[in-house]
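Thanks for asking me to look this over. Below are my notes, point by point, to read with the structure open beside you.

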Amino acid sequence: MSVDTSVRSRGESLRSDQPRRAKAIVAIAAGAVLLLGGGTTLAYWTTSQTLNAGTVQSGDLDLSLGTGTWTLDGAIGGATAVADPSSVRIVPGDVLTLTQPLTVTLVGDTIQGLLSVDTTDLIPAGGADAFTADLTVSGGTAEGAGTYRFTPATAGAVTATLTITFDSATPDREFTNTDLDLNSVKFTLTQATS
Amino acid sequence: MRHVRIGVTVGALLALVVGVSGVHALWGRSETVPAGVTLTGDLAVSASWLGGSPVWAPLYPGSTTPDATLRVTGSGSGSTLGWRVQITSTVATQFAAYTTFQARECVTGTVIPAGGYPASGSLPAGAVVDVCVHYTLASNAPGTLQGQQVSPRISVVAQQVGG
């Protein structure tokens with residue numbers, strides 16, 4: 001009697017699992033159909049053609065500095081060449097000039113470049129009235145203060161002239177024995193955005 | 001609806017980020033100038049009496065003090081530095097209208113101009129100038145000035161010339 005009961009109980013258990021199994025089978029079948037469907041998509045006819053358009057190449061933007069020369073022009077004595085600007089001591093009224101050969105490289109059908117100089121760190125703290133730095137560049141088109149626009153046509157070897165002026169109106173003994181870090185003068189060429 | 005709003009917001013933020021980073025992604029190249037550090041110069045002046053501070057004899061109308069010599073030294077530095085010396089004097093207020101002051105370059109006797117000595121050109125850094133000075137009390141000085149202190153004060157200025 002006990003064996004029969006056991007068999008019957010297992011049978012009932014199998015019957016109660018049947019809906020769950022059926023659902024699993026349906027799900028697996030659906031997945032298989034989807035997979036087969038995907039697989040059969042790849043098997044459809046297809047064709048491709050390569051575009052015979054050659055190779056397009058990116059352009060270039062570069063800036064390199066040649067050997068610059070310095071002159072010192074005071075109200076006394078006129079302009080004189082300076083071999084080493086770190087050896088001079090400038091005083092009010094002096095104009096220290098850097099003549100800097102540059103090579104501007106601009107390659108690109110639509111490229112234009114803006115050349116500027118950053119003298120932010122050159123001017124000592126509080127010295128905006130006593131010291132000024134002005135840039136002029138041959139070949140470029142002046143665009144705003146200290147900025148010049150170049151195109152591939154006007155790029156190439158150009159000359160930048162940077163003048164650092166110690167205002168002659170500097171009173172008393174302001175800015176005596178003060179460092180001006182010429183190493184901080186930075187020429188920058190950036191791609192124009194407009 | 002809420003999901004739509006979130007989606008729009010995220011999309012807008014992404015567009016902003018892409019837009020901003022796009023500007024910075026444009027080509028650029030910088031070069032610095034290897035030129036070292038230059039230094040500004042300096043200018044200072046010192047003055048002292050040769051032979052010690054003068055002992056002025058009492059002045060009377062029409063009299064002039066003996067010359068006293070003031071040694072002026074301009075010190076400093078500067079590749080183009082030039083300077084001139086200016087000498088001015090003041091006396092007590094009541095003597096101002098009756099006292100004249102004269103400063104001359106001792107070697108040449110050139111009167112120090114109001115604009116400074118030398119009148120043209122300039123002195124280099126480190127130059128020394130001996131200046132002879134004296135005072136004269138006008139002959140029409142009133143008797144009310146008797147026994148009073150003239151209290152002369154002399155100012156020496158080194159003025160940079162040009163640059």
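1. A word on terms before the fold order: helices (at least four residues) and strands (at least two) are DSSP runs, numbered from the N terminus. Please keep in mind that this is a predicted model. In chain A there are one helix and 12 strands.

2. Next, how chain A packs. Of its 194 residues, 26% are buried. If you take the contacts in chain A between residues at least 6 apart in sequence, 73% of them join residues at least 24 apart.

3. The largest nonpolar core is worth a look, and it has 54 residues. The residues with the most contacts inside this core include Val104(A), Leu115(A), Leu162(A) and Val185(A), together with Val85(B) and Val131(B) from chain B. Strand β5 of chain A, residues 95–107, gives the most to the core, with six residues.

4. What does Leu162(A) touch, leaving aside its neighbours within four places in sequence? Its contacts are Leu98(A), Gln100(A), Val117(A), Ala133(A), Leu135(A) and Val185(A). Val185(A) is also among the core residues with the most contacts.

5. On to the place where the chains meet. The contact takes 44 residues from chain A and 30 residues from chain B. On the chain B side, β1 (28–32), β2 (37–40) and β3 (42–49) each supply at least two residues. The most comes from β1(B), with five residues. By type, the chain B side divides into 16 polar, 11 nonpolar and three charged residues.

6. Strand pairing also crosses between the chains. To find the spot on screen, go to Leu180(A), whose bridge partner in β2(B) is Thr38(B).

7. Within chain B, four strands form an open sheet in the order β3-β4-β7-β6, with antiparallel pairing. β3 and β6 (99–105) stand at the edges with a single partner strand each, so one side of each is left without a neighbour in the sheet. On average, neighbouring strands of this sheet are turned by 25° against each other, direction ignored. Strands β4 (residues 68–77) and β7 (residues 128–137) of chain B are joined by six bridges and run antiparallel. Ala68(B) stands opposite Val133(B) in β7(B).

8. Is Ala158(B) buried or exposed? Ala158(B) counts as buried because it has 24 C-beta neighbours inside 10 Å, and the cut-off for buried is 20 or more. This residue lies in strand β8 of chain B, residues 153–160. Not counting residues up to four places away in sequence, Ala158(B) touches Leu43(B), Val45(B), Gly74(B), Trp83(B) and Val85(B). Val85(B) is one of the core residues named in point 3. Cys106(B) is 52 residues from Ala158(B) along the chain, and their C-alpha atoms are separated by 17 Å.

9. Finally, a loop residue: Gly139(A) lies between β7 (131–137) and β8 (141–142) of chain A. Gly139(A) counts as partly exposed because it has 17 C-beta neighbours inside 10 Å. Not counting residues up to four places away in sequence, Gly139(A) touches Thr154(A) and Val158(A).

Technical notes: Residues are numbered from 1 along each chain as its sequence is written. Chains are lettered from A and ligands numbered from 1 in the order in which they are written. This is a predicted model: local features need pLDDT of at least 70, side-chain atom pairs count only at pLDDT 80 or more; totals for chains, interfaces and linings use all residues. A residue is buried if 20 or more other C-beta atoms lie within 10 Å of its own, exposed if 12 or fewer, and partly exposed in between; C-beta atoms are placed from the backbone. Two residues are in contact if their C-beta atoms, placed from the backbone, lie within 7 Å. A nonpolar core is a set of buried Ala, Val, Leu, Ile, Met, Phe, Trp, Tyr and Cys residues joined through C-beta atoms within 7 Å. Ala, Val, Leu, Ile, Met, Phe, Trp, Tyr, Cys and Pro count as nonpolar, Asp, Glu, Lys and Arg as charged, and the others, Gly among them, as polar. Two strands pair if DSSP finds at least two bridges between them. Axes are lines fitted to C-alpha atoms, for helices over the stretch in contact, and angles run from 0 to 180 degrees between N-to-C directions.
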